[in-house]
Amino acid sequence: MAKEERYDVIIVGAGHNGTTTAAYLAKCGLSVLVLEERPEGGGAQETVEPIAGVRIQPHAIGNYGGSAPGWEQLELWKYGFRMDYDPRYEVPFDTERGPMTREGTLQVAEEDQMGWAKITGLLGEPMFHKELLRATFWTPPHPSYIENDENTIPYMQVFKQYSPDLWTKELLEYTMFDFLDQHIKSEAFKVFQAYIANVSGAFGHFPGVAVPAVECVATVLPPAVAKPVASRGNMHGYYHALFRCAVANGATIRTCCPVEEIIIEHGRAVGVRLRDDATLGNKTIYANKAVISGAHIKPTFLKLIGPKHLDAGFLQKIKDLSLKGGSLYMTHFLTKEQLRYREQYKWPSHESFNGGFYCMENMEIYWKNLECVLGRQSNLDIPPDEAMWGMVGQTNYAESQPQCTREGYYVNGPLWMMVPTPEYNVDGTLAMDNGPADKEKWDQYMVKTLSCIVENADSDNIVKIWSDSPWGQEFRNTGMLGGSWYGTRCDRDEWWNERPTQELARYRVPDIEGLYLCHQSAAHPGGLCLMAVGYNLMHILIEDGICEPGPWWYESPWYIPEEGKISAKPGQGRV
Amino acid sequence: MMEFKGYQHPQSYFPEFPPESEWDVIIIGAGPNGLIAAAYLAKAGLKVALIERRYEIGGGLATEEILFPGYYSNIHAIYHMMVDYMPVLQDFDLGRHGLVWIKPNLQASMVFENGESLLLTRMIEDTADSISKFSIKDAQTFSRTMGRWRTIIREILAPATFIPPMLPIEITMALQKTDVGQELLELVEQSPLDIVTNLFENDKVRAMLLYNICMWGLDPRETGVGLFVALYLDRMMNKCYCQGGSHKMANSLGREIVQAGGVILDSSQVNNIIMEGGKAVGVDLWEGRTLRAKAIISTLDPQTTFVDLVGGENLPVSLKESVEGWKYDKWSLNTLHVVSEEQPKYLPKDQWASESFMTIFGFEGMDQMLEHWDNVVAGKLDTSIMGGHATCESFWDTHLVRVPPDRAHRQVSFFQHHAPYNLEGGWEQKGPEIEEAILQKWAKYAPNMKKENIVMTNQETPVDIEIRFPNMRYGSIKHGDYKPIQLGCFRPNQECSGNATPIPGLYTGGASNYPGGCVLGGSGYLVANKVAEDLGVTKWWKPTKEMEKYTKTYLEG
């Protein structure tokens, strides 16, 4: 019951990044323990069946991770990983798909499609699409003494090598819109792409992150994914493969085991203490080599480590990290008849309801939405016909993987809409979730805005709505503080060598030996279930002599080893 | 403008599980039995693929957020009766995955309208104390009887759960060898109702005991099932709660399988079992993949396995007839899951009724209970006489509630009652009024469960059970009725009850096999033994000491 337990590495949190890290380290032969507080691991990668025969996706939906080295290195296929392809998506764009405006669905001009293909590396010989994605997400930030400029930033190196005409010093100052302006004409299409970037971490209008913002979109479009909803078993199916990879390689993963404290002794992280109600007798567990926090950065420092080990200046920085921007109100609709597009939203090849992105119209609408969500941070007062949102429809799922097996019913969703983050909402944290009547009000708002493109979203047809506000999300999944989907947003001050702060950018914690960070809020490149944080962190753990991977390992081509450390490039030794 | 020249197929981004693969053993269904069989066989060095239709393994071992968002519930199995005896819990160290069992002394209480209550506790004398308020004679009878029955369970019924079934005549001969065995034989021929009324005089005592005995679908008037009376009563006094929810048991077994090299394919429905030359050689999945193996184990119900997957045309006549004559459960369950501001506080002055693992209410006496059950068998529900049992899960388990601080005090409970699958008037139509009646009844026995205390509800009807778990056909939680000709060596029929089937390469080992359902852990263990023997692999496990003693006393010499 209380015999001492020791592992090489303890990871706090079995979300996507904690589990990826566990899989990598277990594959290196280390003994790894992962502690998860929820009844099921997966974090953002989750599926729920709230009534028999109806499955909903409360969080992650699209598989953004297609360019990850993890697919090869961790061999997830061995552990049952499968996709569900839809042949309709076998071109970079579904040419009949486009932004939905108040007028109808717009066709994207071929010229604009080619403009997009150009900046994402799909044109030319060879294509450099995957290289660009890997340079953006799958490479650790450089050591702090390296200057970050047009010659050293990995994605700039890719442009320089493959498409020198795109390689300009100014690109580093651009917003995504600036970049798009040079290659795309349609304002609606630009707003459409920027909106996907917004819900993926890097905003379309943020200067200095043009390429990361573009790549946040490129990684969830073909060919990086075959279809918006692609993994078999949805994102939780992807998680299962990752989790089983970790377990098959010897990792121990325990659920219902909340961590109360990361134990620091003599400036070193030596273990963890579990909360009293953890489903385990022994509440203190030790780590020989490292404790890695896959918990949100704020509770990691403010609670698990705590002020007794940290100074006020550092703690203030952590408190100040922005949670704004990634908070989504998620809604699923159960209906008696399948939803039907209004005439002007039908697409020639598939007239049945398939979701889409609405009110992707112009900069005025864009700013109206963004100003409300980010600027004033009070409750939404956008008229429903001007609200911006995206939605997945039932037909996005493969026929062999129906989301609704309840005869006579259809489930569509989620409809996700960016809303003010509770912690910054001047109307209070409960502002969008203050009792059943309030929830009902916002659910009805979602019905109204859905009705802009759907002709039968009426009360006769809709029999049930499942919705989840950011305030609800952050307590069912504590990794989503503020309900933020990407922890902290990828603005200039919280991206790459600044993510989450300069001193923490290489996943280490100054002055606390043996402590590393792997939560999306604490590590480059952040969220999206990319297996990127784990891969990037591997470079650092190799540098510190924590692990020695086998021949399956390869480092990022843009990785720069830190002086005096063991290089993550095999065979290079100490540099 | 440059020209778009190429397109990399998504396969170059996402390497996938292959379309065709070879295995030693394929197991269909990752419920408790499928998981147990897979865990034993994978650890024996066999290459095992476990296939599950749902997105999550566990079957009835399901702990899910059905009160969305934020509240989890054990939507199916919650009262684990065989934790003390299951070989799988002794052969595997599941504690290292954080599997923890809680066995409260207050196992069940029955609450009456006048504020009286009766307790069924783990410790025999505590129950006797409670019964003594109603009848001193019954208290003494209970005390003496349960002492003997406990021995029967420990020596015979519990170990026999994990040993292949025998013919009734063989059982009779074996049991005659000891006094304990002879006492059990006397019970066998009686009905649950006979046993309870012969032993006990007080109506409320009878009602409480009969409810616990018949709760899992034993027909109170069926003769020939008397051994279950002793078994269920003893086991209903020893139920365990799985901390963190029943799914933890599934999860722990899943980890053992994967760690031993087994592969779990979830979100995969089997389309058909591939037959070649009269042999079962593999399975085709709905998604288009094919897996082939030396042995295929189905843990599904007989009709799904033999008619839907093997195909009627491939079945020997006798097997086909027996499968077609299979009778599904007479009763199913209807469950109302509830989030409330406060934990239900029941009428009795003492707190024990409210702090019991299970609280039975709605029945004032045995006749009313029998009438309710008769209604259920006839496809009816009279809510005025209906009763059932409730558990406040979050009282036992803090992990089930994951909500903001302003609502963190809330509690998750359910009320469950026996119910017909084919309800007169239909569940879709009658569901809402039944839910309303349940809430009214709950408020009558637990006065704080009034409207303003209820935050959210979700009713899972027998039809919902079948939608969620399609091989619990007609809401049959045990995959088939417990009546003498579907029990023991007749479960599912004489040809298949030893886990091999008349079809070479095909094995069965689910709840429709001996010893049955309710997470006994028996069928999965037995089919693993059978397949290990047939494939000629060394068993790394040994029978438990109870099984060894039983074998030595009753089956040898």
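Into which domains is chain A divided? The assignment gives domain 1 (5-45 + 234-321 + 488-543), domain 2 (91-95 + 111-218) and domain 3 (328-483) of chain A, with bounds that come from an automatic or database domain assignment. The structure is a predicted model, in which local features need pLDDT of at least 70 and side-chain atom pairs count only at pLDDT 80 or more, while totals for chains, interfaces and linings use all residues. Residues are numbered from 1 along each chain as its sequence is written, and chains are lettered from A and ligands numbered from 1 in the order in which they are written.

The model scores ipTM 0.96 and pTM 0.96. For chain B the average pLDDT (the predictor's confidence in each residue, from 0 to 100) is 95, and 98% of the residues score at least 70. In residues 1-9 of chain B the pLDDT is below 50, and this stretch has 14 contacts in the model beyond near neighbours in sequence. Two residues are in contact if their C-beta atoms, placed from the backbone, lie within 7 Å.

Within chain A, the C-alpha centres of domain 2 and domain 3 are 28 Å apart. Eight residues of domain 2 of chain A are in contact with eleven residues of domain 3 of chain A. The side contributed by domain 2 of chain A has six nonpolar, one polar and one charged residues; here Ala, Val, Leu, Ile, Met, Phe, Trp, Tyr, Cys and Pro count as nonpolar, Asp, Glu, Lys and Arg as charged, and the others, Gly among them, as polar.

Between the chains, 61 residues of chain A are in contact with 53 residues of chain B. Several elements of chain A each supply at least two residues of this side, including strand 3 (48-51), helix 3 (110-119) and strand 13 (462-468). Helices (H or I, at least four residues) and strands (E, at least two) are DSSP runs, numbered from the N terminus. The largest share, six residues, comes from helix 9 of chain A. By class, the side of chain A that touches chain B divides into 30 nonpolar, 17 polar and 14 charged residues.

Chain B is assigned domain 1 (20-62 + 243-326 + 476-555) and domain 2 (101-239 + 329-468). The centres of these domains of chain B, taken over C-alpha atoms, are separated by 29 Å. Their contact takes 29 residues from domain 1 of chain B and 34 residues from domain 2 of chain B. On the side of domain 1 of chain B, helix 17 (522-534) and helix 18 (545-555) each supply at least two residues, and helix 18 of chain B gives the most, with seven residues.

Helix 18 of chain B also packs with helix 4 (residues 136-160) of chain B at an angle of about 100°, their axes being 9 Å apart. Axes are lines fitted to C-alpha atoms, for helices over the stretch in contact, and angles run from 0 to 180 degrees between N-to-C directions. Helix 4 of chain B is therefore roughly perpendicular to helix 18 of chain B (65 to 115 degrees). Among the residues making this contact are B:Arg154 and B:Glu155 of helix 4 and B:Tyr550 of helix 18.

In helix 1 (residues 32-43) and helix 10 (residues 247-259) of chain B, the axes come within 8 Å and cross at roughly 25°. These two helices of chain B are therefore roughly parallel (under 35 degrees).

Conventions
Parallel < 35°, antiparallel > 145°, perpendicular 65-115°, else oblique.
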